[in-house]
Every structure is written in structure tokens, then in C-alpha cells.
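Subject: Structure for you to look through

Hello,

Here is the structure I promised to pass on. Please open it next to this email and follow along; my notes come after it.

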Amino acid sequence: MENKTTQSGRIYLDCSATTPTDPRVMKKMCEFMEKDFGNPSSVHAFGREARGKIEEARRSIAEFIGSDDPMEVIFTSGGTESDNMAIVGVVKASKVKKPHIITSVIEHKAVLSTIEDLEKRGLVEATYLKVDGYGKVNLEDLKKEIKYNTILVSIMYVNNEIGTVQPIREIGKYLEKLNDQRERGGFPKVYFHTDAVQAFQYLNVNVKHLHVDLMSVSGHKFYAPKGIGLLFIKKGTHIEKIQIGGGQEFGKRAGTENTPGIIALSAAIDILKKEGEKDGERIGKLKDKLVKGIEKIENVTLTGHPKDRIPSVASFLFHGIEGEAILINLDLDGIAVSTGSACSSGSLEASHVLLACGYDHEQAQGNIRFSLGRFTQESDIKKVLEVLPGIVDRLREMSPIAN
Amino acid sequence: MYCEIVTFIENCKLRIENFIIMSKKSLNKKPRVVVAMSGGVDSCVAAYLLKKQGYEVIGVFLKFWTPPVSVCGTSRENACCDMRALLLARQVAGQLDIPFYTVNVSSYFKKEIVDNFVHEYESGRTPNPCVRCNEKIKFGVLWKKARALGADYLATGHYVRKCQMSNIKYQKKSKISHLSFEIDSKFDICNLTFSLMRSKDVNKDQAYFLSGIDARIIPHLLFPLGDMVKKDVREIAKKAKLPVYNKKDSTGICFIPDGDTSSFLSHYSNKLNKSGNIVDKNGNVLGKHKGLMGYTVGEKIGGEIFNFQFSIFNQYSIPNIQDQKDKIKKDVPRLYVIRIDVKKNRLIIGENEDCFTDTLIAEDVNIIGSDLFTKKTILAQIRGGHKPERCHIVGAGISPARIKGRPQGSPLRVSKLNIKFLKPVRAVTPGQTVAFYDLKGKLLGGGIIK
């Protein structure tokens, strides 16, 4: 298979941002687009064929995430839409006068900003759970925050910046038990949403195992194209649609289905079924090699949890230098990584995730995230370890003429 | 002793760096240059030319500070770095196939440029934020960033030329002939090998705006447009199919997009919004001002006094005028601000000849050309559009504390220069920058008018 990430000698280590589309996925998608362009809502043969294909995809995906009912899988445009739909949809459907939502301070902006927006409009109350130094949410903290009007808990499965895995199953089990009691007491149900965008290809995403009611997934994080994702909505969940129009997706999400995207998503998941585990192991080993090599550089901290983390992400703090400077230098050498504290993205603030882990502004400035993927080669890691120490040394030693 | 060692080390560093640049050239490795790209035609053409000349070019867009929409009253963002400019710069970078990055300097810009701007007005002075921005941001922060990227050079689209300095060796404790103060050899201006020269396009020349930058980085600067005129630059952009070829020149202060300085100031300061008297130079009250914000020395004064005591016009020997308002307006001598007295909250006005003076005190003078003190007659430019006038340095102060305690790597400065012009000049404005040139237009330094 062609190594797409090292095209023209470049090395791509930013798989948490997005992954290259797998050629096998692309092939399936193109074949589909050539033949089955029909609108799945159409009555005629073209429509019927497209409908058949996407419902087959839905069934296969539902099976992968451990759902008995394909109708629990709603296709969306990606992670952000899924998160928005889960939060706003549950709030809209709730009969509670001013509902309460619990989330964590390290969530993705798609969750945080949505909840903050609802809060600003006075539609909900919100509690933002703190995390420990590894970026992990504590179940005991969560228990204390649940109130009579709490209707939703939204905690991400894996943090995108540091790769720490959250105790989703524990929270899910606890909330399930709690909901039994609340039902008897006449309290509203507490729904549990998890943003599984970063976890999907590496961890157990069986919704029964996790005991979640809602789960967001994004295709382009696991070798499907951008613009396709899904929201798992457990049967019986009171949720209203936020995109209004036709009756597609069982009335839960209006708009003609992104049929090629759905086919691609299902193809990408088919590959995960077969190769996911093996991939994870291989990537984990490469990442360990990278971590070992980088830790030889002085004054470097690996962020995140020592054990509860996904195999692909290694995020470091290079003390005393700006992560942005490292990033640009690596880019000029053809190596693509990212920093949580990107000035270039327009926000000068240091990453909210690293600050929440207890690092100060200056430390957080020196952040660089390496995220590996299916197409990462050992030679890529070697090249990084060749180039990086020199860059770090140069930046540290640099004493500008003009101070 | 310490200073000498520091100087020595700095010299060594410079030489080593130059050596590295030279050896890179000889190894056929392209020298790396960071170009400050604002999305305007000048900086885009600068990047284009450097790329053509064979440099490894990296484009950097500086995101400055912008007032919130509620302040400037329009939805326009900071005129020179709004989203459209960013997109244009990025598009051109893509077209030239060069790496392009955005550096957000907004909080530093706010602190160093905008806050200083407001503070200067509060002190009754008229600052020049562009000079300060060049010193602190473009040739300060950005130079640091460029070095972090391993760049050999920093380039901008300024209309100014880089030139070699005549190699003057100051003797230890040399006495400058016509001045009665001594220059210490520790004062390492003799190491300045490069200076800047006014551009070929006299109308666009921007040397004045660079008079505050640290002279020691000049060897690392490139100004591809210094030998060109604006028309040619646009022509090049057009030929190269750069989408910015017909973009309007930016004018005014970038963080006051609507140009309304006094409304901007009144939003960010409440110190000078009390109304007070307008007086003549003898203290006679002529009218009322609504607050001293936004007045500038030399500025014409109009309506403020017409609606006030008409009798005051008698002192300008105007006949009795009660019934001939229109005629007065025509006959009244034009009046101008000659001083802003913040302490007494007074605006002092006078006639045009009162605006003229032949002396000037420059403070916190940055030295760029090593022969600032050796030339008898030099030129001084006292504001952006001003034609430089001949003058002498008649006195200088180097506060000893400043030099002894000068931290390593700080720019070369003297605390004060007394200037005497050969002919009186109009509207010497406190707070504005004065730039010094030799008679050929070589930039020697610049300071702030006291």
C-alpha cells in the first residue's frame, strides 16, 4: 500500500487532527458514486438502490458499536454536529424548566462552546468538572455535582490533546443505577453523552459496554473522508432534531443523506473490524519508540496519563521554548505536528486542556503533539528523532541579537 | 570592563553568524528569509522578488490588535490586518509556493503600542505608533520569531535602502570636534557597519518610520523595494498576477480604522475629556475646548472659538464686528495650536508664525548610523511627510546610568540631543519622532521630540 503520509518526503504526525483517507475506503466510495447516485428517499429504482446500500452500512456500523437497532445510528456531518445535536437536542426535548448539564473543562470546543452558549442564553445551568494532573475526570466529583434538574452528563472518551482515556464505563454504570432511583423518585433522567471521536479506532466503543445514551463519532479521524460522522442515540432517549426539514434519518436529522460519505464510513469501519487491533498495537510500539527518543532531550515532559491513554498520541512540553516555533521548524523540515497552544490559530491563550492539568501558561506554551496513524512508518519516527533534538537545542540556545 | 567583554562577545557572535550565512551561500544552501506579509501589494511583491532571487522565503502574517466593533463604530477590522488581508497574504503565499504562518501579536501590540499611544496623548503629546510598531513589533518580536525559524534574514516591503556605513574608528574616549561631550569607546557605535538610506521613491520613503529600530539587526534585513517606485511595484505585481496589484495603499493608524482618533481616545481614556479654555500665548481666553484629546501642535483651530466671545478678535485688530459674522470668519487670522498644556487643561493657540521654532530637543535617541556625531550638518525630519531640514547637534546628554547599566543586547541610545535648525521649522510636535539623516539621506538615528 502506498504510504500516503510521506508523499514527497513529507511526514504526517497529526492524525488526531485528521487522517488521510484510506485508499481502500476511497475505492469503495468511488465505486458507489459511479453507480448509486440516487437519492435514498426517492421511490424509483435509483433511490431504492442507494437506500439499500446505506441501510446495509447502517446495520454494519450498528453492529460494530454494539447496538441492536440500526435506527439508533444517525448519520451527521461529523463530530461537531453530533456533539451539538446531542446537547442541544436533549435540552430542547427536556421538560425541566432550567435543566442542568455536567461536563468537564477539557472537552472539545464543540461541546464546551455549545454548553457555554446555552448557558449564556439562560437556557441551562452548567457545571464544568475539573481534572487531575493527568487530565482525568473523577467519578466521585461527578457524583457530587448531580442535582435534581440534571438532565445530561457529557464527558469525552479520550482527550484530543493529551490522549488520556476517561472512565466512561464507570460513569455510565453509575448513571444507569442512579437513573433507576431517579425514575422512582420522579426526577428527570440523566442522559449520558460521550464524544468518542478520538477513541473510536483504538478503544472498545460498544455502547452497551460503555452504558452510554449518546455517542459522537467522526469519520475523518479513522481514514474516512471529512464531512461524515454519526451520533448514536439510544432508543427511548428524548431528543429533538436541531436540523429541520425533511424526515430523513427517522425524523432526527433533516437533509439528504451524504450517501458516499456513509458508504466510506462503513468501509472504514469494516477495515477497523479487521485490522483495528493490530494497527493499535503497531502504532503503540512506534509511539513508545518516539517517546523514548524524545525523553532523551532534557527538560521535556510527556503529558497525559501514564497508562490510560490511546496508543497514537504523545504530547510533550518542551520547557523554555515555544511549541509554535518547534512546529514551524518541523514543518520547514517536512514534518507535520501540532500544538495545543497555537498562536497561529488565532487564539493566543495556552491550551485550556494543559492549563486544566495544572501546567502554567509558560509551560503550556511549549506544547507539541505527535499523533501517529495507520500509515506512520518506523522511518518517520527515526527522522523526527534525528531532526528534533537539533531544533530544540537551537531554540534553547538562541540568544537574539536584539533582545 | 564588563561592557567591553559583552561588546566583544556580541561582535564575535555577529561575525560567526555572517560566516555561517556566507558558508551557506557557498554550500549552495539557499539563505532563509522571513518576509513580513501584510496582504498589501508591497510586502507581496517583496516576497515575490526574494523568491525570484533564489532565497528560501517564508511568509509571516502578523495579527495586530483590533478594537472591538463597538469602539470603532464600523464592522471593519484593523485596516491592515483584517481577515481579508490575511486571506490575501495566504493566497499570495500559496501562489508563490512558500510556507506561510500567522503570528498573533495582539496582546503585546495592545500593551506596547496602543496603551502607549493613549498614554502619550494623555500627556499632551502626539505619538507616532507606526515608528514604535516597527521598533517593537516588526523588527522586534518578528525578528526574534524569524531567528527561531533559523532565518538568516528578515525582509519587509518598506521603501528604504540598506547601505554600507563608512568605517569610522572612534578613538578611545574620542572627543567629537564641535561638541563638548565625550564618547566612550565602550559605546559601540563604531561597530555599526550597515545603515539605512532613504528610498528612491521620495514620496513613499519610509526610512523615517524605521528610525527606532535596533541598528545591530540591519545586517540581517532585506528591503527589496528600496530601489523602486510604487508604480513599478504595482506593475510587477500585475505582471506576476498577484491578486493584490490594485489594492489600495493603507493610510492612517491601523488600529483606528475609521480615522476618528479623538473618539478612539475618549473610549480608552477618561483623563482628558474635561472641557477647558483655549487661550492665546499671553493667557487671554479665546474659547472653550471639549477636552484636550486628539489635538496636535500645528493643527488649525476653527469653530471652537467662533461660537465664543467675539470681542476677543479685537486684539487681532479687527474692527467692530457684531453684525458681520461672515466677514469676520474671512478676516480672522488663521489660528493654530502652539502648545497643549495638560496641567492647566489649556489649549494654547497662536498665529502661523508662532508655530515656528529653530530648536528642538530629542529624547531617547536611537543611534543607527555611526557618524551621527561626526557630521557637522545633518538633516532632521520631524514628522512623516516633512521634508528633512538642515540642522546642527548643539548638545547631547548621555545619562551615565543608562550606559553603565545597559543590559546586554539593548539598543544603542543617548538620552538627549539638542538640535538647532539653520532655518526655523514649523510645528515641532512633542511626542512625534524626529529622524536624523546625513546630507545624502543616510539614516543616522531618531528620537522622540520633547
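A:Phe250 counts as partly exposed because it has 13 C-beta neighbours inside 10 Å. The scale is this: a residue is buried if 20 or more other C-beta atoms lie within 10 Å of its own, exposed if 12 or fewer, and partly exposed in between, with C-beta atoms placed from the backbone. A:Phe250 sits in the loop between strand S8 (229-233) and helix H8 (259-295) of chain A. Its phi is near 55°, a positive value in a residue other than glycine. Most residues other than glycine have a negative phi.

Before going further, some notes on conventions. This is a predicted model, in which local features need pLDDT of at least 70 and side-chain atom pairs count only at pLDDT 80 or more, while totals for chains, interfaces and linings use all residues. Residues are numbered from 1 along each chain as its sequence is written, and chains are lettered from A and ligands numbered from 1 in the order in which they are written. Helices (H or I, at least four residues) and strands (E, at least two) are DSSP runs, numbered from the N terminus.

B:Asp364 is partly exposed, with 15 other C-beta atoms within 10 Å.

Domains of chain A

How is chain A divided? There are domain 1 (4-21 + 277-397) and domain 2 (23-270); the bounds come from an automatic or database domain assignment. The centres of these two domains of chain A, taken over C-alpha atoms, are 28 Å apart. Their contact takes 25 residues from domain 1 of chain A and 29 residues from domain 2 of chain A. Two residues are in contact if their C-beta atoms, placed from the backbone, lie within 7 Å. On the side of domain 1 of chain A that touches domain 2 of chain A, strand S10 (313-318) and helix H10 (352-356) of chain A each supply at least two residues. H10(A) gives the most to this side, with 3 residues. By class, the residues of this side of domain 1 of chain A are 7 nonpolar, 14 polar and 4 charged. Here Ala, Val, Leu, Ile, Met, Phe, Trp, Tyr, Cys and Pro count as nonpolar, Asp, Glu, Lys and Arg as charged, and the others, Gly among them, as polar.

A sheet in chain A

Chain A has an open sheet of 7 strands in the order S2-S8-S7-S6-S5-S3-S4, with mixed pairing. Two strands pair if DSSP finds at least two bridges between them. Which strands are at the edges? They are strand S2 (73-76) and strand S4 (125-129) of chain A, each of which pairs on one side only. Within the sheet, strand S6 (residues 191-195) and strand S7 (residues 214-218) of chain A pair in the parallel sense over 3 bridges. A:Thr194 has A:Met215 in S7(A) as its bridge partner.

Chain B

Chain B contains 11 helices and 20 strands. Of its 450 residues, 43% count as buried. The chain is divided into domain 1 (1-27), domain 2 (31-159 + 199-239), domain 3 (266-353) and domain 4 (356-449). Between domain 2 and domain 3 of chain B, 7 residues of domain 2 are in contact with 13 residues of domain 3. Helix H5 (residues 106-122) of chain B gives the most to the domain 2 side of this contact, with 3 residues. That side has 3 nonpolar, 3 polar and 1 charged residues.

A second open sheet to look at is in chain B: 5 strands in the order S11-S10-S14-S13-S12, with mixed pairing. Strand S11 (285-289) and strand S12 (300-301) of chain B are its edge strands. Strand S10 (residues 276-280) of chain B runs parallel to strand S14 (residues 346-350) of chain B, and 3 bridges join them. The bridge partner of B:Ile278 in S14(B) is B:Leu347.

Regards
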